[in-house]
Amino acid sequence: MELERIANHVGDLGAISGDVELIKVGAGTLEFSGTQQHTSNAATRVKEGTLLLNRIAGLSNFRGSPLFIGDDDPGTPAATIRLGADEQIFDGATVRVMGDGTLDLAGYRESITALEMVISNAGGA
């Protein structure tokens, strides 16, 4: 499933389930909010723009692992995952931040299993 948002936020998409890889493209901000638990076990990739995780604290957005931020593709916009509340990422997740990616905790708390920082020609993670 590829999601693109050019401008502004979108809100609650409902629950994402099944083994469908979620790919965020486009320079805008996509917001996950609401009260439904995502149950997808597939990877999530933010290639461009910002994915704002803003569900009820403790209601994780991603059950699958890994979570990729950035793609190191020259010429594409930077990628960001930003928290809007505490504990938005499944505790068992592995988060991989590429050279053109940013994990912005925005002052919130987050617990994950592993954080991988990849330094590449696109810059520093």
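**Note on the predicted model: sheet, salt bridges and cavity**

1. The surroundings of S120 involve residues from elsewhere in the chain. When its neighbours within four places in sequence are left aside, S120 is in contact with D72 and G99. The C-alpha atom of S120 is also separated by 8.5 Å from that of D100, a residue 20 positions away along the chain.

2. The next point concerns the sheet. An open sheet is formed by four strands, arranged in the order β3-β5-β7-β9, with parallel pairing. The edge positions are taken by β3 (29-34) and β9 (101-104); each has a single partner strand, so one side of each is left without a neighbour in the sheet. From one strand to the next, the twist averages 10°.

3. Strand β5, residues 49-55, pairs with β3 in the parallel sense, and six bridges connect the two. Within this pairing, F32 has L53 of β5 as its bridge partner.

4. How many salt bridges does a search of the whole structure find? The search returns four. Three of them are taken up in the points below.

5. R45 counts as partly exposed because its relative accessibility is 26%. E21, with a relative accessible area of 29%, is likewise partly exposed.

6. A further salt bridge is formed by D86 and R109, whose closest N and O atoms are 3.0 Å apart. D86 lies in the loop between β7 (79-83) and β8 (94-97), and R109 in the loop between β9 and β10, so the pair ties together parts of the chain that are 23 residues apart in sequence. Is R109 buried or exposed? Its relative accessibility is 54%, and R109 therefore counts as exposed.

7. The side chains of E116 and R96 also meet in a salt bridge, at 2.7 Å from N to O. Here the two residues stand in strands, E116 in β10 and R96 in β8; the pair links distant parts of the chain, 20 residues apart. E116 has a relative accessible area of 30% and so is partly exposed. R96 is partly exposed as well, because its relative accessible area is 28%.

8. One cavity of 30 Å³ or more is found when the whole structure is searched. The volume of the largest cavity is about 80 Å³. Its lining consists of 13 residues, and those nearest the centre of the cavity are I16, S40, T44, N61 and F62.

How values were computed. Residues are numbered from 1 along each chain as its sequence is written. This is a predicted model: local features need pLDDT of at least 70, side-chain atom pairs count only at pLDDT 80 or more; totals for chains, interfaces and linings use all residues. Side-chain values use heavy atoms; hydrogens and water are left out. Two strands pair if DSSP finds at least two bridges between them. Axes are lines fitted to C-alpha atoms, for helices over the stretch in contact, and angles run from 0 to 180 degrees between N-to-C directions. Contact means heavy atoms within 4.5 Å. Buried means under 20% relative accessible area, exposed over 50%, partly exposed in between (1.4 Å probe, protein chains only). On a 1 Å grid over the protein atoms alone, a cavity is a set of points where a 1.4 Å probe fits but cannot get out, and a pocket is an open set with protein on both sides within 12 Å along at least five of seven lines; lining residues have an atom within 4 Å of a point. Grid points are joined across faces, edges and corners, and a volume is the space filled by probe spheres set on the points.
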